[in-house]
Amino acid sequence: MHYHARHGKSSIIDPNAVYLCDAGAQYYDGTTDTTRTMHFGTPTEREKEAYTRVLKGLIALDRAIFPKGATGFALDAFARQFLWNAGLDFRHGTGHGVGSFLNVHEGPMGIGARPAYSEFPLKPGNVISNEPGYYEDGNFGIRIENVIVVKEVKTKNNFGGTPYYGFENVTMVPYCNNLMDKTLLSQEEKSWINAKNKETLEKTQGLVANNELALGFLKRNTQPI
């Protein structure tokens, strides 16, 4: 699941294979942790299905609404359900707390099947990763990771006076249109992707305006689907 480069034995980026990049940095106003999976050629149907099921799980968790007191243990299935529907899964947590100038994997809160995640309810202001994936040993690996922030949301009802929470996605990096199987996406999911693509383009194109290669990549991967 995690690639380690070795001198003289490093893999070469192949335009005909899946490329997974997990990166982050420390800034004065926060820490980033982002993963994108790309394909620069023609992906197989298997790769497209796996990528799309992972993306559907990421979207489901991003859109989740949950009552005060809910834990990441309870929310884990939101991200895995579309993989489970096809008899697939991944062997790591769905999300971890993100520190600021500290350990990028910072607890105690998180999203996953670890028993500890059932002990710490998510609270407004918590910064967490949303990173479902799928991996086939010796073949390919897929992971999509955003940083999300817990926030209070307005709902039609507040059963028992309970506040309800959701997430705000603060990662502005495009997804890989080339790896999406559009037939597996619902209209709501397509609308979510289009809205995020529009927001990403508007907020980041000025940062790469003088870089023709980067701007072209950004525009290609934020086209409406």
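This talk covers the annotated domain, the nonpolar cores and the salt bridges of one structure. Keep in mind that the model is predicted.

Start with the annotation. An unreviewed UniProt entry lists residues 163-225 as "domain: Peptidase M24 C-terminal". In the model, that span is 43% helix and 10% strand. Its end C-alpha atoms sit 35 Å apart.

Next, the cores. Which residues have the most contacts inside the largest nonpolar core? They are Tyr51, Leu55 and Tyr175, in a core of 23 residues. Four elements each supply at least two residues of this core: helix H1 (45-62), strand S9 (133-136), strand S10 (140-143) and helix H3 (187-204). H1 gives the largest share, six residues.

Take tyrosine 175. Leave aside its neighbours within four places in sequence. Its contacts then include Tyr51, Leu55 and Leu58. Ile144, Met180 and Trp192 are also among them.

A separate core has 14 residues, including Ala79, Ile111, Ile128 and Phe167.

Now the charges. The whole structure has 10 salt bridges.

Pair one: aspartate 22 and arginine 143, 3.0 Å from N to O. This one links distant parts of the chain. Aspartate 22 is in strand S1 (residues 18-23), arginine 143 is in strand S10, and they are 121 residues apart. Aspartate 22 is partly exposed, at 36%.

Pair two: arginine 46 and glutamate 136, at 2.8 Å from N to O. Arginine 46 lies in helix H1 and glutamate 136 in strand S9, so this bridge ties together parts 90 residues apart in sequence. Arginine 46 is partly exposed, with 38% relative accessibility. Glutamate 136 has a relative accessible area of 19%; the cut-off for buried is under 20%, so glutamate 136 counts as buried.

Aspartate 76 is buried, with 6% relative accessibility. Arginine 80 is buried too, with a relative accessible area of 6%.

How values were computed
Residues are numbered from 1 along each chain as its sequence is written. This is a predicted model: local features need pLDDT of at least 70, side-chain atom pairs count only at pLDDT 80 or more; totals for chains, interfaces and linings use all residues. Side-chain values use heavy atoms; hydrogens and water are left out. UniProt positions are given in the numbering used here, feature names are shortened, and annotations may be inferred rather than shown by experiment. A nonpolar core is a set of buried Ala, Val, Leu, Ile, Met, Phe, Trp, Tyr and Cys residues joined through side-chain atoms within 4.5 Å. Buried means under 20% relative accessible area, exposed over 50%, partly exposed in between (1.4 Å probe, protein chains only). Contact means heavy atoms within 4.5 Å. A salt bridge is a side-chain nitrogen of Lys or Arg within 4 Å of a carboxyl oxygen of Asp or Glu.
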